[in-house]
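Hello,

Here is the structure I promised to pass on to you. Have a look at it first, and then read my notes below.

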Amino acid sequence: MHPHNRLIEKFYTSFRQLDWQGMNSCYHEDAFFYDPVFENLNAAQVKAMWEMLCRNAANFSLEFSDVKADDEYGSCNWKATYIFSATGRPVVNHIKAHFQFHEGKIVEHMDNFSLWKWSRQALGAKGLLLGWSSLVHNKIRKSAQQRLEKFMQKNTVTNNPTP
């Protein structure tokens, strides 16, 4: 098995256990992350995002499969099942993850999923009726970014430890 396959497996096994520290240990110091909700995050932001999501997870479960990796790139499929904290609604999100590696760590991580399908579950009727619109997408993104910024401000010791 390629070492990058093991790295992906470590990442998702840690995620399944809500071990954000184990997840974050898989990232390169110059990591970049993208998904349809948080969009473009630098290394500090992505690490804080995983910590925030793990700490706030409710009724969470995760499955992953089809892990593939070589010296430079990797991918896998994963499914997260959880209760969306803002609405209390259940979500089952199917995601395709793509990775680029550098120095044995994840340097780029891109998660792809349908934001409309996600919003129909997470937001209920509003998501069903308007979840396809850029107006709703932008509101979801703005809310996520605000939650992340607030979390990072409250947790500066966790995210920026002093030597």
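Let's start with the largest pocket: helix 3, strand 4 (73-84), strand 5 (89-102), helix 4 (115-123) and helix 6 (134-154) each supply at least two residues of its lining. Before we go on, please keep in mind that this is a predicted model, where local features need pLDDT of at least 70 and side-chain atom pairs count only at pLDDT 80 or more, while totals for chains, interfaces and linings use all residues. Residues are numbered from 1 along each chain as its sequence is written, and side-chain values use heavy atoms, with hydrogens and water left out.

Helices (H or I, at least four residues) and strands (E, at least two) are DSSP runs, numbered from the N terminus. On a 1 Å grid over the protein atoms alone, a pocket is an open set of points where a 1.4 Å probe fits, with protein on both sides within 12 Å along at least five of seven lines; lining residues have an atom within 4 Å of a point.

The largest pocket has a volume of about 780 Å³, counted as the space filled by probe spheres set on the grid points, which are joined across faces, edges and corners. Of its 38 lining residues, Phe 38, Leu 53, Phe 84, Trp 118 and Arg 147 are the closest to the centre. Helix 6 gives the most to this lining, with 9 residues.

Which residues are in contact (heavy atoms within 4.5 Å) with His 94, leaving aside its neighbours within four places in sequence? They are Trp 78, Lys 79, Asn 112 and Phe 113. His 94 is found in strand 5 and is exposed, with a relative accessible area of 54%. His 94 and Trp 78 are 16 residues apart in sequence and 6.0 Å apart in space, C-alpha to C-alpha.

Happy exploring!

Technical notes
Buried means under 20% relative accessible area, exposed over 50%, partly exposed in between (1.4 Å probe, protein chains only). Contact means heavy atoms within 4.5 Å.
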